[in-house]
Amino acid sequence: MKVDQHVKPPFEAVVQQHGATVLRVVRAVVGHADADDAWSDTFLAALKAYPRLPADANIEAWLVTIAHRKAIDITRGNSRRAVPVADTSDSPAPERADPHDLDLDAAVGALPPKQRQAVAYHYLAGLPYAEIAVILDSSVAAARRAGADGIATLRRTYPLIDTPRDQQ
Amino acid sequence: MTNLKQHFPIDQNHLQLLHARLETDAQTGDLLDIAYRTVDSAVGPLLLAATRSGLLRVAFASEGHDSVLQSLSERISPRILEAPTRLDPTARQLDEYFTGHRHSFDVALDWSLSHGFRRTVLEHLNTDVTYGATASYAALARLSGSPKAVRAVGTACATNPIPIVVPCHRVIRSDGTVGAYRGGPGAKRALLDLEKELDLGKELDLGKER
């Protein structure tokens with residue numbers, strides 16, 4: 001029998017270590033407007049399930065899996081609630097405490113969902129495609145292709161992607 | 001090399017807001033098994049941890065707050081968040097204690113970390129040895145109903161999970177030396193001196209006695 005030498009850290013350590021990564025991932029997958037809800041739903045569900053998580057589990061992959069499901073719930077909820085509204089894209093963006101790049105949001109948001117997810121989980125969370133395939137319920141090859149296609153499209157639609165941010 | 005991460009900058013203040021929301025949601029959803037915070041005190045930074053039933057642990061910096069939290073995660077529950085609100089009454093009362101305005105604590109205690117005879121000893125200590133007084137290990141053994149168990153009383157005091165609030169600093173050796181203490185002999189001495197000092201002051205503000 002394998003002796004389990006891992007110890008489970010207090011949940012606070014999980015939030016400290018992975019909070020920023022999960023926020024990047026959900027911002028890419030559901031967009032800024034819904035990201036806070038997705039982050040909160042993810043960590044609350046994680047807190048609930050945490051005592052049952054095996055001590056040697058890959059915590060980041062586990063969190064991204066939860067975030068993936070919560071993002072789907074939020075996206076579905078939005079489309080159910082969706083009502084036609086006037087196009088407000090010309091109105092000035094409100095002053096935000098947390099500025100973000102609207103062009104990047106638009107470019108990432110325009111990717112097909114599978115590509116957007118594969119890009120977020122690989123390039124933002126750093127997960128290997130083997131893990132991403134499990135989350136997306138696809139083959140490893142298909143996950144890898146989605147990630148590669150997604151990042152290739154982003155290079156076209158958002159060329160600044162390869163430029164370090166402080167040089168922009 | 002694509003570094004997409006740097007195009008998603010994260011503001012620490014925003015993460016703090018999300019953390020605060022998680023604290024509230026966890027509390028509302030009854031998922032916050034252990035809440036903790038740290039406070040500054042005359043004997044250094046103290047870690048305070050509480051379950052729903054009450055104050056579970058007070059830890060000195062010398063114990064290593066991270067390793068104390070790790071141990072709580074293993075022994076009680078890993079559902080632990082830094083969530084100060086639950087500890088507000090304890091923090092306020094400790095502040096009053098260290099400034100001499102409080103002589104006994106009025107917070108619920110969670111005794112989960114103490115069992116059997118050790119718990120009996122600590123409960124007696126908590127009710128029978130009052131502010132400004134001291135007791136010998138032998139006297140506390142008698143109070144606990146096992147006059148011969150002086151050594152076991154020493155262990156119970158040395159492993160008290162809720163020091164300061166449960167006043168094991170008031171238990172000293174029969175020869176008058178302070179004896180072992182979880183926060184070190186210096187902290188024990190400081191607490192005894194604090195209570196002695198304020199004992200003198202007691203006559204001056206008797207009207208304020210609770």
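Reader: Where in chain B does pLDDT stay under 50?
Author: Over residues 201–210 of chain B, where the model has 1 contact beyond four places in sequence. pLDDT is the predictor's confidence in each residue, from 0 to 100, and two residues are in contact if their C-beta atoms, placed from the backbone, lie within 7 Å. This is a predicted model, in which local features need pLDDT of at least 70, side-chain atom pairs count only at pLDDT 80 or more, and totals for chains, interfaces and linings use all residues. Residues are numbered from 1 along each chain as its sequence is written, while chains are lettered from A and ligands numbered from 1 in the order in which they are written.

Reader: What is the mean pLDDT of chain B?
Author: The mean is 92, and 93% of the residues of chain B reach 70 or more. The model as a whole scores ipTM 0.89 and pTM 0.88.

Reader: OK, how many helices and strands are there in chain B?
Author: Chain B has 7 helices and 6 strands. Helices (H or I, at least four residues) and strands (E, at least two) are DSSP runs, numbered from the N terminus. Along the sequence the pattern of chain B is α-β-β-β-α-β-α-α-β-α-α-β-α.

Reader: And what about chain A, how many helices and strands there?
Author: Chain A has 7 helices and 0 strands. Of its 168 residues, 36% count as buried; for chain B, buried residues make up 34% of 210. A residue is buried if 20 or more other C-beta atoms lie within 10 Å of its own, exposed if 12 or fewer, and partly exposed in between, with C-beta atoms placed from the backbone.

Reader: Back to chain B's strands. In what order do the 4 strands of the open sheet sit?
Author: The order is 3-2-1-4, with mixed pairing. Strand 3 and strand 4 of chain B are at the edges with a single partner strand each, so one side of each has no neighbour in the sheet. From one strand to the next, the twist averages 20 degrees. For pairing, DSSP has to find at least two bridges between two strands.

Reader: What holds strands of a sheet together in general?
Author: Strands of a sheet pair through backbone hydrogen bonds, either parallel or antiparallel.

Reader: So which way do strand 2 and strand 3 of chain B run, parallel or antiparallel?
Author: They run antiparallel, joined by 5 bridges. L46(B) stands opposite F60(B) in strand 3 of chain B, and A49(B) stands opposite R57(B) in strand 3. Strand 2 and strand 3 of chain B make a hairpin with 4 residues between them, and G54(B) in the turn has a positive phi of about 160 degrees.

Reader: How many of the 6 residues of strand 3 of chain B are buried?
Author: 6 of the 6, so strand 3 of chain B is largely enclosed by the rest of the structure.

Reader: Nice. Which residues of helix 2 of chain B are buried?
Author: L69(B), L72(B) and S73(B) are the buried residues of helix 2 (residues 65–75) of chain B. They lie on the same side of helix 2 of chain B because they cover an arc of only 105 degrees around the axis, the arc being that of the directions from the helix axis to the C-beta atoms. On the other side of helix 2 of chain B, S67(B) and R75(B) are exposed.

Reader: What covers the buried residues of helix 2 of chain B?
Author: The cover includes strand 1 (34–39), strand 2 (46–50), strand 3 (55–60) and strand 4 (80–82) of chain B.

Reader: Is I164(B) buried or exposed?
Author: I164(B) is buried, with 22 other C-beta atoms within 10 Å. D30(B) counts as exposed, with 9 C-beta neighbours inside 10 Å.

Reader: Last one: how many residues does the contact take from chain B and chain A?
Author: The contact takes 28 residues from chain B and 32 residues from chain A. On the chain B side, helix 1 of chain B gives the largest share, 8 residues.

Methods:
Axes are lines fitted to C-alpha atoms, for helices over the stretch in contact, and angles run from 0 to 180 degrees between N-to-C directions.
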